[in-house]
Amino acid sequence: MSHKGIGASIPRKEDERFLKGRGEYVGDLFRPGLLEVAFVRSPHAHARILGITRPIKGIVYTAADLAAVPPIRAQINLPGYRATEQPILADRKVLFVGQSVAMCLAKSRALAEDLSEEVGVDYEELPPVLDVADALRPDAPRLHEDRPDNLLSVLNAEAPIDAIAAAAPVHVTRHYTNARQAMAPLEGRAILAEWNDRADQLVVHVGHQNPHVFRAALAIALNLEERRIRIIAPDIGGGFGYKAPAYPEEIAVCWAAMKLHRPVRWIEDRFEHLTAGASAREISGTVHAHADAEGRILALDVDFAVNIGAYSFWPHTGAFEAVQAIGIIPGPYRIRHYRARSKTVLTNKPPQTPYRAVARPAACFMMELTIDAVARAVGKEPHEVRALNLVSAAEMPYASITGKLYDSGDYPASLRSALSAIDLPAWRLKQAAPRADGRAIGVGIAMYTEHTGISTNTFGTMGIALMPGYEQANARLTPDGDIEVAMGVQNHGQGMETTMAQVASEVLGIDPGRVRLLHGDTGLTPYSTGTYASRAMVMNGGAVAAACERLAERMRPLAAHLMQCAAHEVGFSGGRATGPGGATVGFGEIGRLWYKTPNELPPGVDPAGLDVTAGYRPEDDRGAFSYSTHVAVVAVDRDFGSVEILDYVVADDCGTRVNPMIVDGQVLGGTAQGIGTALYEECLFDASGQPKSVTLADYILPGPTEIPAIRLLPTETPSPKTRFGIKGVGEGGAIAPAPALLNAINDALRADGVELGAAPATPDRILAAIEIARGARAGAAP
Amino acid sequence: MKPAPFTYHRAASLEQAVALLAQGGGDTAVLSGGQSLGPMMNLRAARPSQLVDIGRLEALRGISVAEGHVRIGALSTHAAIEDGAVSGPLGRVLARVAAGIAYRAVRNAGTIGGSLAHADPAADWPAALLALDARIHLRGPGGDRAVAIDAFLAGAFETAKAADEVIVAVDVPALGPTARFGYVKFCRKPGEFAEALGAVLYDPGSAQARVVVGATGSRARRLPAAEAGLAAGLSPAAADIAALLAPVLGNPSALVLKRQTAAVHRALQEVLTDA
Ligand SMILES: Cc1cc2nc3c(=O)[nH]c(=O)nc-3n(C[C@H](O)[C@H](O)[C@H](O)COP(=O)(O)OP(=O)(O)OC[C@H]3O[C@@H](n4cnc5c(N)ncnc54)[C@H](O)[C@@H]3O)c2cc1C
């Protein structure tokens, strides 16, 4: 067997069923008597519900029916945070367009939608607050009338930086905004709930990234013991964080299945997703950078606001975005004086929840555009200013000003590698020469360091409802000599059915094809907080290795017995146990001995058998920091305002790569989503809070024609903290494209006097910026 | 996103289709490729109580060459035209327009007749076929009639077609050997509708010149003054085009005017430089 363990780019095992269209999603399930759900949703951004009229016939539930189900309430130990109460179905008020007010059940979704049209809801419209500035005005209408204002939380990292700032020779101030986005997975949210009398359990098939966490949410909502709930997350068409929280609709569906003692299903459609699910990335802020004349940043002062929408989500809360942003804004730079202030603000928009990389794209956006602004101010190339400020390899491990420990890496080498691949001097020459098509050329850089494998240490200080601890995996030898591994994380695009098998292969020397992964089922797997925060490969990879090692210890005496050698002489390779003098014995023989012919077992074997659960958490679990440099080259059409990406390079380091091909896929996919953030995706609302981007004709996602041939330059700096040196990589790609592309656009339009600070850089924004700059120049002319 | 209840008829003949439409009143819709009607019904923005599926009618299929023009059956798909169903120089022009519509999956089902009947202000065929001087053949309870495209296009989602008429075919004049076609469409990405669209036909041999702006928010429009200049082989400056466009577009924003000007200007450049 060639090496298929850690480091081998073997094809993904799960792709066999996906490529043949044989994946199993919630929408593929059939049940006799199944009822489908359509929700009656609020047409208003802010209104009081005066009354609800039900149709004469048909199954319709409202808040009155769900009186026993408590509202969703998420707590976090941050001063200045107050939880919100989100009803499962809106009772007194609706706080965003698309909020569920009633649920209608019928034999088909079409019939349920027909029924939903017969539900009459009487509303008294209230003035909506949609943006942060409006929401913070003293006389602003309050969303939650039991609160003094529309603040969800205030989080500040105070530091005495004023004197240093004042003494600095260079000052740069910029304002930035990132638009609200929808996460737009291929498959929307989906749930099928049914009561199983034999198991005395509510059995729930749901597109959820964190089955055990969702079980805990249901236990609270339905007042049911966790043993009486089984969550099965089958194949999922993309999560990106969207399928990590507990939402009201899923709870309502489970409630109805219990109430009716019938299977009930709801599948979110694209319209629902783009209205009620428009829920990510809306952050704006102001950055003051104070630098020396060379461009060294002496002090950084940041003030930002998160437009969190109407409610704080469970379990991580709406305050989580600000926590993440504040911690990582200084990025890979040696910034020793830093102050950050943040407000997380409630508005009449859907609740904002973490999307791939959470608030880090906005944090990176603010930092990286500021670096370019400093470079302009001191008259240097942006890469020179970066090189001046980057933490060097010699400084590792590096304690950041925000208390994070950057474990390892060579940030300057990453920058050099990306730059040399892009050939900056050649582009600078092309940029200076006029082009036949009149387009302007620009080059932009963005870098980040990313806290991956976030663990107890980090979450523990926050005091959220469910924090991650030791991660467990279960490994067992089957009677015919293969391996089954059960894990609590859920695989929904990360390739874990392959990479976790590669970890088992690394330890046991067995072909990954003979390792079966069980996941996404609270009935079959150890507990886990699930798949999020770029943690699964780090944490669960370590757990699978630990379980396989313990299993190997149990297999060793049996193999020794079969080969008539000492246990310590037994090794594992090529899918067999090996002994002295070239002796080998197949795993099937070991399985036969233990399970089928135990009469032949030697005395003194461990009666616990060939089925072990073991756990893992890095001894120092402050995280493993992946890092990356993105460089983009763009051509901007000054008449249409359109942007073409001419070249795009990613120099990425996520430590040891378990499967380099899968890592490439993660980086490419994340980068594609980041290009959406940079240039296309924006949930627009009108002044009354009506969403305007409600189909994929108006919510523009990048497609194959918008994604360039991204060139990857991977390096591997193993983490000294984690098993195998693995760092997380699931989220990273999405962090840097917006700042890299905005920096490139600003580089291209420098002669026009344009400096955009708002993403996405749509054609309208670019043209408007060109016009404004032209107007300013004309106004300034004598 | 499921349609409201409706009854479905598969028309066995053109006569039956027209009769069903006449009986059904305004509440009955023709179904061709379903690429516009389908999404609108799923959003319940369109709620016809009856559908008349004309998709299997032979009378609406096929492409034939006649004296001076090509007749394109209404059911011809964008994909068939993209793949060269129409031959010669005109076929190449039509293939280029078709290839720029939506994605292949949509083009496989969407039809030229459906696109014209739907008359989306940002669609490709209405603007391109206005530049190419097409005629639309209609069948109604009263029989057949043909309408020049300039008279057919009425406004946003409005045409001269009566509710009980079916588009049967489109006649497009053949192109002379010296004819050139310029087409510039600006959209956010392929598959999105145009935000600016310029279509220009210029034949120096016959001094034929047609200059069209599409994506106007209403129907596609010709620009007669630009046509007169072009017929004389003149290339108007961008500022002159903007002046012509402003009234046609009815108080456009500066951004819209800039883009539309660029689209028409570039389409003109294309026919004038492409010797
Ligand atoms: C994702 C997507 C992207 C698109 N992008 C573009 C684009 O870039 N450019 C573009 O031009 N179009 C675009 N379209 C629209 C597409 O071209 C449609 O195919 C076309 O508009 C309608 O043709 P159809 O055959 O599908 O008509 P249908 O959807 O079946 O019908 C549309 C309307 O026309 C009526 N109708 C249809 N055929 C006839 C007939 N023969 N006689 C009388 N009435 C009739 C119907 O009653 C209905 O009102 C896009 C569509 C989609 C879904």
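Trainee: Which residue forms a salt bridge with R428(A)?

Mentor: Bear in mind throughout that this is a predicted model. Side chains of opposite charge can pair when their charged atoms come close. Here the closest N and O atoms are 2.7 Å apart, and the partner of R428(A) in this salt bridge is E381(A).

Trainee: How many residues apart in sequence are the parts that R428(A) and E381(A) tie together?

Mentor: R428(A) belongs to helix α12 (residues 424-432) of chain A, whereas E381(A) sits in the loop between α9 (360-378) and α10 (382-389) of that chain, so the pair links parts whose separation in sequence is 47 residues.

As for accessibility, R428(A) is partly exposed, with a relative accessible area of 22%, and E381(A) also counts as partly exposed, at 22%. The separation you asked for is 47 residues.

Trainee: Are D269(A) and R109(A), which meet in a salt bridge, buried or exposed?

Mentor: Their side chains meet with an N to O distance of 3.3 Å. D269(A) lies in the loop between β12 (264-267) and α7 (270-275) of chain A and R109(A) in helix α2 (residues 109-117) of chain A, so this pair ties together parts that are 160 residues apart in sequence. To be called buried, a residue must have under 20% relative accessible area, and both D269(A) and R109(A) are buried.

Trainee: How many salt bridges does the structure hold over all chains, and what is the count between chain B and chain A?

Mentor: One example between the two chains is K258(B) with E771(A), where the closest N and O atoms are 3.0 Å apart. Over all chains the structure holds 88 salt bridges, and between chain B and chain A the count is eight.

Trainee: Which element gives the most residues to the side of chain B that touches chain A?

Mentor: The contact involves 20 residues of chain B and 32 residues of chain A, and 15 residue pairs between these chains are in polar contact. On the side of chain B that touches chain A, the elements giving two or more residues are β11 (180-186) and α11 (254-273) of chain B. That side divides into 11 nonpolar, no polar and nine charged residues. The element giving the most, with six residues, is α11(B).

Trainee: Which three residues supply 30% of the area that chain B buries against chain A?

Mentor: The size of an interface is often given as the accessible area lost when the parts come together. For chain B and chain A this comes to about 2200 Å², with 55% of it on carbon and sulfur atoms. The three residues that supply 30% of chain B's share, more than any other three, are M1(B), R188(B) and K258(B).

Trainee: What is the radius of gyration of chain B?

Mentor: Chain B has 11 helices and 14 strands. Its C-alpha atoms fill a box of roughly 55 × 45 × 35 Å along the principal axes, and buried residues make up 50% of its 275 residues. The globule rule gives 19 Å for 275 residues and the value for chain B is close to that, so chain B is as compact as a globular protein of that length, with a radius of gyration of 19 Å.

Definitions and conventions
Residues are numbered from 1 along each chain as its sequence is written. Chains are lettered from A and ligands numbered from 1 in the order in which they are written. This is a predicted model: local features need pLDDT of at least 70, side-chain atom pairs count only at pLDDT 80 or more; totals for chains, interfaces and linings use all residues. Side-chain values use heavy atoms; hydrogens and water are left out. A salt bridge is a side-chain nitrogen of Lys or Arg within 4 Å of a carboxyl oxygen of Asp or Glu. Helices (H or I, at least four residues) and strands (E, at least two) are DSSP runs, numbered from the N terminus. Buried means under 20% relative accessible area, exposed over 50%, partly exposed in between (1.4 Å probe, protein chains only). Contact means heavy atoms within 4.5 Å. Buried area is the accessible area (1.4 Å probe) that two parts lose on being put together, summed over both. A polar contact is a pair of N or O atoms within 3.5 Å; within protein, one must be able to donate a hydrogen and the other to accept it, and residues adjacent in sequence count only if both atoms are side-chain atoms. Ala, Val, Leu, Ile, Met, Phe, Trp, Tyr, Cys and Pro count as nonpolar, Asp, Glu, Lys and Arg as charged, and the others, Gly among them, as polar. The radius of gyration is taken over C-alpha atoms; the globule rule is 2.2 Å times the number of residues to the power 0.38.
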